[in-house]
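Subject: Structure for your review

Dear colleague,

Please find below the structure that I am handing over to you. My findings follow it, and I would be grateful if you would read them with the model open.

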Amino acid sequence: MQSGFPQGSILGPFLYTLYTADIPITTKTTLRTYADDTAITTTHLNPTIASRYLQAHLQKIELWTHKWRLKINETKSTHITFTLRKSSCPPLHINQTIIPQTDKVKYLGLHFEKRLTWREHVTKTRKHLELKSRELLWVIGKRSPLSVTNKLLIYKTVLKPIWTYGLALWGSAASSNLAKVQRYQAKTLRQITNAPWYVTNHTLHKDLSIPQVRTVLQQQIATHRTTLQSHPNPLMAHVLNQPDSRRLQKRWTLDENT
């Protein structure tokens with residue numbers, strides 16, 4: 001092995017963090033890293049200037065990777081423009097290869113689309129939930145000999161974390177998108193309890209002590225707000241600051257009454 005380290009090693013993530021600690025940064029862009037996933041973002045009213053900022057940062061990273069013998073997979077890199085306009089930013093290059101542009105991108109398990117409506121993330125999450133539910137039907141379905149308590153435990157530990165992941169972020173989606181997840185939860189609870197048609201969803205949630213999606217969202221937002229306010233890094237508190245103006249009066253999850 002001439003470079004790298006074994007997959008799944010204990011020291012691997014720590015050594016990689018040390019090795020890449022001096023990755024170049026600029027004042028015009030923001031660098032976000034998690035393990036080997038790296039995102040570079042910038043904002044500007046002029047798309048040409050925005051691409052210029054990003055390209056300048058990419059050129060510095062190219063020199064840095066050549067120096068430390070790191071290989072960037074250009075085919076897995078993605079360029080996305082978050083905007084309400086129809087046009088996109090000019091193309092970017094890395095190692096003389098054009099980075100493919102797209103209207104959708106997945107980063108750290110969250111699906112982002114060009115207009116940040118979270119519709120794509122909710123759709124993907126709902127499909128994932130349906131697939132996982134079919135796999136677990138033999139243990140949580142109405143024909144399963146398990147008790148309702150054990151079925152609910154499986155739901156809380158296996159299925160619920162799928163849609164609660166990142167809820168403090170994608171919870172700003174339209175109510176119609178949140179309703180898709182709520183319908184899935186109600187459907188699953190009926191399946192678990194084999195409840196007759198005349199039992200309302202409100203009764204199911206109340207009797208089983210399962211909070212509705214909107215309630216879980218408000219709880220996570222409250223926890224998220226408390227964490228930011230008491231975070232040891234003083235820079236985290238600025239995340240709570242909202243911009244002076246919002247296009248189309250975009251709703252934030254932190255706007256929820258908590």
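Ser144 sits in the loop that lies between α4 (137–140) and α5 (148–164). Please keep in mind that this is a predicted model. Is Ser144 buried or exposed? Its relative accessibility is 10%, and because buried means under 20%, Ser144 counts as buried.

The side chain of Ser144 takes part in two pairings with backbone atoms, which I describe in turn. The side chain of Ser144 reaches the backbone oxygen of Val139 at 2.8 Å. The side chain of Ser144 also reaches the backbone nitrogen of Leu146, at 3.3 Å. Leaving aside residues up to four places away in sequence, Ser144 touches Trp138, Val139 and Lys151.

**The chain as a whole**

The chain contains 9 helices and 6 strands. Its C-alpha trace spans about 65 × 50 × 40 Å along the principal axes. Of the 258 residues in the chain, 33% are buried. The chain exposes about 17,100 Å², and carbon and sulfur atoms supply 57% of that area.

Among the contacts in the chain with a separation of 6 or more, 57% are between residues 24 or more positions apart. As for charge, the chain carries 36 positive and 14 negative side chains, and the centres of these two sets lie 6 Å apart.

Thr65 belongs to helix α2, which covers residues 47–68. With a relative accessibility of 4%, Thr65 counts as buried. When residues up to four places away in sequence are not counted, Thr65 touches Leu70 and Ile72.

Ala222 is found in helix α9, residues 213–229. How exposed is Ala222? Its relative accessible area is 29%, so Ala222 is partly exposed, a class that lies between the 20% and 50% limits. Ala222 and Leu11 are 211 residues apart along the chain, and their C-alpha atoms are separated by 35 Å.

**A hairpin and residues with positive phi**

Strand β1 (residues 30–34) and strand β2 (residues 37–41) run antiparallel and are joined by 5 bridges. Which residue of β2 is the bridge partner of Arg32? The partner is Ala39. The hairpin of β1 and β2 has 2 residues between the strands, and Ala35 in this hairpin takes a positive phi near 55°.

Most residues other than glycine have a negative phi. Gln96 is not a glycine, yet has a positive phi of about 65°. Gln96 lies in the loop between β3 (93–94) and β4 (97–98), and it is exposed, with a relative accessible area of 80%. Leu116 is likewise not a glycine and has a positive phi of about 55°. Leu116 is placed in the loop between β6 (110–113) and α3 (119–135), and at 32% relative accessibility it counts as partly exposed.

Yours sincerely,

A colleague

Notes: Residues are numbered from 1 along each chain as its sequence is written. This is a predicted model: local features need pLDDT of at least 70, side-chain atom pairs count only at pLDDT 80 or more; totals for chains, interfaces and linings use all residues. Side-chain values use heavy atoms; hydrogens and water are left out. Helices (H or I, at least four residues) and strands (E, at least two) are DSSP runs, numbered from the N terminus. Buried means under 20% relative accessible area, exposed over 50%, partly exposed in between (1.4 Å probe, protein chains only). A polar contact is a pair of N or O atoms within 3.5 Å; within protein, one must be able to donate a hydrogen and the other to accept it, and residues adjacent in sequence count only if both atoms are side-chain atoms. Contact means heavy atoms within 4.5 Å. Accessible areas come from the Shrake-Rupley method with a 1.4 Å probe; for residues, only the protein chains shown count as cover. Lys and Arg count as positive and Asp and Glu as negative; His and the chain ends are not counted. The place of a charge is taken as NZ of Lys, CZ of Arg, CG of Asp or CD of Glu. Two strands pair if DSSP finds at least two bridges between them.
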